[in-house]
Amino acid sequence: MSSPTITPAYADVVDLETYPIHELDSERGQSLVARCREQLTTEGVCHLPGFITPEAVAEMVRLANELSHKAWKSDQPHPVYFESPARDVPPEDPRARTVRSAKHGIAYDYIPADAPLRRLYESDDLTRFIGAVLGKPVLYRSADPLDALQITTFQPGDELGWHFDRSEFSVTVMYQPAERGGKFLYAPGMRSDDDPNYEGVQRVLDGDHSGVKELPGQPGTLAFFHGHNALHWVTPVEGSRPRINTVLTYGEGPDMRLNDLTSQLFYGRTSS
């Protein structure tokens with residue numbers, strides 16, 4: 001007699017028929033992981049349209065609007081590398097230049113426990129799926145009470161300047177594209193651990209987008225992205241409709257948290 005099938009607590013959040021993350025050991029589950037790995041390898045990004053159900057997307061947009069008064073607005077210049085600008089290089093060198101990032105971030109501790117994406121994020125199934133795609137034997141959800149899962153809103157005029165992520169990878173869910181602008185552009189493999197490729201980075205900052213791609217941003221899309229070596233930019237938002245997405249944070253250690261400086265920058269407070 002077979003054991004009864006257990007319905008995941010997030011069954012209303014994910015299109016499990018198309019994306020069986022709750023059955024990774026099955027043939028369908030293994031096929032999904034293989035497809036995602038191939039896309040991540042060949043394109044530098046894996047995007048899964050319709051991963052999140054329309055009902056869950058609508059609820060997350062509603063929550064973003066309801067919690068908008070709790071969002072921390074950050075707007076500051078920063079170098080592409082999130083380090084202090086270099087002073088011993090020419091001003092056109094990317095290490096000496098700054099870009100602008102402006103956004104509104106709703107911290108994890110403001111997001112209700114029953115919110116669709118919080119229920120999904122806190123499931124071991126999603127963590128296991130992301131780890132399998134990334135080839136990580138062990139993966140942990142962030143221990144940061146502010147940054148583990150956030151809702152990010154880009155209002156008109158907001159953008160995320162060209163940059164490399166400090167972390168190896170990022171995971172995002174798109175809820176609502178902007179009326180105009182707010183495009184996610186990226187240059188995959190712009191640098192490597194052995195070659196910083198400053199000349200290539202400088203060309204992109206100077207407007208040469210010949211090797212730049214655009215990540216599709218339909219509502220409900222889950223995306224994995226190797227942001228550490230891919231230069232990327234969210235273009236300025238235009239029009240009356242804001243761009244809304246979520247960033248899900250993971251690490252290979254169990255105690256990953258933002259430092260106080262970064263926490264203050266992104267959320268206007270610290271968790272310590």
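Which strands do the buried residues of helix 5 pack against? I will come to that after a word on the model. This is a predicted model, where local features need pLDDT of at least 70 and side-chain atom pairs count only at pLDDT 80 or more, while totals for chains, interfaces and linings use all residues. Residues are numbered from 1 along each chain as its sequence is written, and side-chain values use heavy atoms, with hydrogens and water left out.

Now the answer. The buried residues of helix 5 pack against strand 6, residues 159-163, and strand 12, residues 231-234. Helices (H or I, at least four residues) and strands (E, at least two) are DSSP runs, numbered from the N terminus. Contact means heavy atoms within 4.5 Å.

Helix 5 itself covers residues 198-205, and its buried residues are Gly 200, Val 201, Val 204 and Leu 205. Because they cover an arc of only 140° around the axis, these four lie on the same side of helix 5. The arc is that of the directions from the helix axis to the C-beta atoms. Buried means under 20% relative accessible area, exposed over 50%, and partly exposed in between, with a 1.4 Å probe and protein chains only.

Both ends of the helix have something to note. Asn 197 is partly exposed, with a relative accessible area of 23%. After helix 5 comes Gly 207, with a positive phi near 110°. As background, most residues other than glycine have a negative phi. Phe 82 is another non-glycine residue with a positive phi, of about 55°. Phe 82 lies in the loop between strand 2 and strand 3, the latter being residues 98-106, and is partly exposed at 32% relative accessible area.

Next, strand 12. Leu 231 and Trp 233 point one way from this strand, His 232 and Val 234 point the other way, and all are buried. Strand 12 runs antiparallel to strand 6, and two bridges join them. Two strands pair if DSSP finds at least two bridges between them. Leu 160 has Val 234 as its bridge partner in strand 12. Strand 9, residues 184-187, also runs antiparallel to strand 12, with four bridges. Here the bridge partner of Tyr 186 is His 232.

On to the cores. A nonpolar core is a set of buried Ala, Val, Leu, Ile, Met, Phe, Trp, Tyr and Cys residues joined through side-chain atoms within 4.5 Å. The largest has 47 residues, and those with the most contacts inside it are Val 14, Ile 21, Phe 51, Ile 52, Leu 120, Phe 129 and Phe 224. Helix 2, residues 54-66, gives the most to this core, with six residues. Apart from it lies another core, of 13 residues, among them Phe 164, Ala 187, Val 201 and Leu 205.

How many aromatic pairs does a search of the whole structure find? It finds 12. Rings of Phe, Tyr and Trp (its six-membered ring) pair if their centres lie within 6.5 Å; planes under 30 degrees apart count as stacked, over 60 as edge-to-face and the rest as tilted. Phe 51 and Phe 129 form a stacked pair, 6.3 Å centre to centre with 10° between the planes. Phe 51 lies in the loop between strand 1 (45-48) and helix 2 and Phe 129 in helix 4 (residues 124-134), so the pair ties together parts that are 78 residues apart in sequence. Phe 51 is buried at 0% relative accessible area, and Phe 129 is buried at 0% as well. A tilted pair is formed by Phe 184 and Tyr 186, at 6.4 Å centre to centre and 50° between the planes. Ring pairs also link Tyr 19, Phe 51, Phe 129 and Phe 224 into a cluster.

Last, charges over rings. A charge sits over a ring if NZ of Lys or CZ of Arg is within 6 Å of the ring centre and within 35 degrees of the ring normal. The charged end of Arg 95 sits over the ring of Tyr 198, 3.8 Å from its centre. For Arg 191, the ring is that of Phe 164, with the charged end 4.0 Å from its centre.
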